[in-house]
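Reader: I would like to learn how to read a fold, feature by feature. Where do we begin?

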Amino acid sequence: MGESGWKTISSEKHFANKNMQVVTESVCTPARSTPRSWTIVHRKPAVVIAPMTRDGKFILIRQERIAIRAAIWEMPAGQIDEASPNENAIQNVAVRELREETGYELAKDGEIIELGDYFSSPGFTDERGYFFLMRTVEPASDGHAHEESESILDCMEFSASEIGRMIAQNEIRDANTLSVCARLIARGFLSFAQVASP
């Protein structure tokens with residue numbers, strides 16, 4: 001059964017591309033010795049960055065998302081291409097994505113603070129996101145370098161109270177941003193105490 005008690009009995013691949021695989025697996029779990037069949041989307045891990053300016057504002061991007069047919073405000077994020085990245089490789093992707101998506105970079109006196117990880121939707125995918133607070137960030141001299149596959153429409157600085165209002169009024173709706181904001185609050189880096197009631 002293996003040390004953890006999880007055992008894959010069979011795996012059938014339905015679809016695969018460079019970013020994901022869709023498989024149906026038959027699995028025995030620590031609580032169930034009878035195999036269960038489950039369709040899973042295996043996705044590359046990702047980074048989610050909370051960039052903070054010297055005056056305590058956060059950088060958000062407004063990006064078109066084809067799957068939901070909408071443009072939404074979100075924290076910058078990006079996939080990690082390495083299959084088994086180490087801590088240094090993950091941080092390097094975070095630094096790269098910050099620059100590409102926002103045109104900001106870590107200041108010389110800035111720091112990268114790891115905020116842990118999370119699973120975006122564990123009911124159907126094993127996608128894991130790694131959270132980072134980057135403070136202090138400042139505009140890069142040569143701006144951003146968006147990839148062709150991205151459709152970033154805007155990039156702006158928002159105060160904590162503005163972000164709190166946007167969450168309360170359903171303007172921020174993606175799991176990455178909501179989750180990293182929760183982690184920032186729990187770690188004491190962000191407070192919505194001054195958000196006015198709707």
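This is a predicted model: local features need pLDDT of at least 70, side-chain atom pairs count only at pLDDT 80 or more; totals for chains, interfaces and linings use all residues.

Author: Three strands make an open sheet, ordered β1-β2-β3, with antiparallel pairing. β1 (7-16) and β3 (36-43) are the edge strands, since each pairs on one side only. Neighbouring strands in this sheet are turned by 25 degrees against each other on average, direction ignored.

Reader: How many bridges pair β1 with β2, and in which sense?

Author: Eight bridges, in the antiparallel sense; β2 covers residues 20-28. For a landmark, take Lys7: its bridge partner in β2 is Cys28.

Reader: What should I expect of side chains along a strand?

Author: In a regular strand they alternate between the two faces of the sheet. Keep that in mind as you look along the strands here.

Reader: Now β9. Which strands does it pair with, and in what sense?

Author: Take β4 and β8. β4 and β9 pair in the parallel sense, over eight bridges. Val47 stands opposite Tyr130 of β9. β8 and β9 run antiparallel and are joined by ten bridges. There, Leu106 stands opposite Val137 of β9.

Reader: Where is the cis peptide bond?

Author: Look at omega. Between Arg135 and Thr136 omega is about 5 degrees, and the bond is cis. Thr136 belongs to strand β9.

Reader: Next, helices. How do I check the length of α3?

Author: Compare the expected span with the distance between the end C-alpha atoms. Helix α3 has twelve residues, 175-186, so at 1.5 Å a residue it should span 16 Å; the ends are 16 Å apart, which agrees.

Reader: Which residues of α3 are buried?

Author: Thr177, Val180, Cys181 and Leu184. These cover an arc of only 105 degrees around the axis, so they sit on the same side of α3.

Reader: Which residues of α1 are buried, and what covers them?

Author: Ala89, Ile90, Gln91, Val93, Ala94, Glu97, Leu98, Glu100, Glu101 and Thr102 are buried. The cover includes β4, β5, β7 (77-79), β8, β9 and β10 (152-158).

Reader: Which residue caps the N-terminal end of α1?

Author: Look for a side chain that reaches a backbone nitrogen. Asn86 is the cap. One of its side-chain oxygens lies 3.1 Å from the backbone nitrogen of Asn88.

Reader: Which residues other than glycine take a positive phi?

Author: Examples include Arg69, with phi near 55 degrees, and Asn170, with phi near 65 degrees. Arg69 is in the loop between β5 and β6. Asn170 is in the loop between α2 and α3.

Reader: Is Arg69 buried or exposed?

Author: Exposed. Its relative accessible area is 69%, and the cut-off for exposed is over 50%.

Notes
Residues are numbered from 1 along each chain as its sequence is written. Side-chain values use heavy atoms; hydrogens and water are left out. Helices (H or I, at least four residues) and strands (E, at least two) are DSSP runs, numbered from the N terminus. The expected span of a helix is 1.5 Å times one less than its number of residues. Buried means under 20% relative accessible area, exposed over 50%, partly exposed in between (1.4 Å probe, protein chains only). The arc is that of the directions from the helix axis to the C-beta atoms. Two strands pair if DSSP finds at least two bridges between them. Axes are lines fitted to C-alpha atoms, for helices over the stretch in contact, and angles run from 0 to 180 degrees between N-to-C directions. Contact means heavy atoms within 4.5 Å. A polar contact is a pair of N or O atoms within 3.5 Å; within protein, one must be able to donate a hydrogen and the other to accept it, and residues adjacent in sequence count only if both atoms are side-chain atoms.
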